[in-house]
Amino acid sequence: MEIRAAVLEDLPQMMAIYETARQFMRRTGNPDQWKDHYPPEEVVRKGIREGKAFLCVADGPQDGGSRKAPKKGELLGTFYFAVEEDPTYRKIYEGAWLQEGAYGVVHRVASAGRGRGFAKACFQWAQARCLALQAASLRIDTHRDNLVMQHVLEENGFTRCGIIYLEDGDERLAYERVL
């Protein structure tokens, strides 16, 4: 799999991936995390303009290892990554962050639903970028009902650290992986 920066021409496909992810979340018992509108197109567009929106692209038929293996160049997923302070991570409740100092953040992780290994590739790439940018850890959050993502995070070496609250007051479970 290849990770590349998204460009504005990718926006329609990215929005389609987010719709696929919203449908998947509804089917798996998580109807409230992104509802029918998140992320809005202007938020995704801003991430692209700022160089913080990324795509995972299939290298070839080996990606996924199934009968429905994606074709070379097919988009497998999208996510946001940056080494920056997330304002909603300043206060953590019912726990503590594992590491102080600079950290990377991953947000809006969404799979196209084809192939396997997208999340692992996303996190490995983000961890390598963190190390290159001298960030000591990688942070992410997810909805309490998103059991699939909680499992994926724990499977990829993240530790649940506590609870954070988004700007709109919604609760999220906070995770961190020390690098």
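With which side chain does the side chain of E176 make a polar contact? The partner is the side chain of S137, at 2.6 Å. A polar contact here is a pair of N or O atoms within 3.5 Å; within protein, one must be able to donate a hydrogen and the other to accept it, and residues adjacent in sequence count only if both atoms are side-chain atoms.

Some ground rules. This is a predicted model, where local features need pLDDT of at least 70 and side-chain atom pairs count only at pLDDT 80 or more, while totals for chains, interfaces and linings use all residues. Residues are numbered from 1 along each chain as its sequence is written, and side-chain values use heavy atoms, with hydrogens and water left out.

Back to the pair. E176 sits in strand β7, residues 171–178, and S137 in strand β5, residues 137–142; strands are DSSP runs of E, at least two residues, and helices are runs of H or I, at least four, numbered from the N terminus. E176 counts as buried because its relative accessibility is 0%, buried meaning under 20% relative accessible area with a 1.4 Å probe, protein chains only. S137, at 1%, is buried too. E176 also has a polar contact of 3.0 Å with the side chain of R139.

Now the cores. The largest nonpolar core has 27 residues, and F79, F81, V106, F123 and I140 touch the most other members. Such a core is a set of buried Ala, Val, Leu, Ile, Met, Phe, Trp, Tyr and Cys residues joined through side-chain atoms within 4.5 Å. Helix α3 gives the most to this core, eight residues.

Methods:
Buried means under 20% relative accessible area, exposed over 50%, partly exposed in between (1.4 Å probe, protein chains only).
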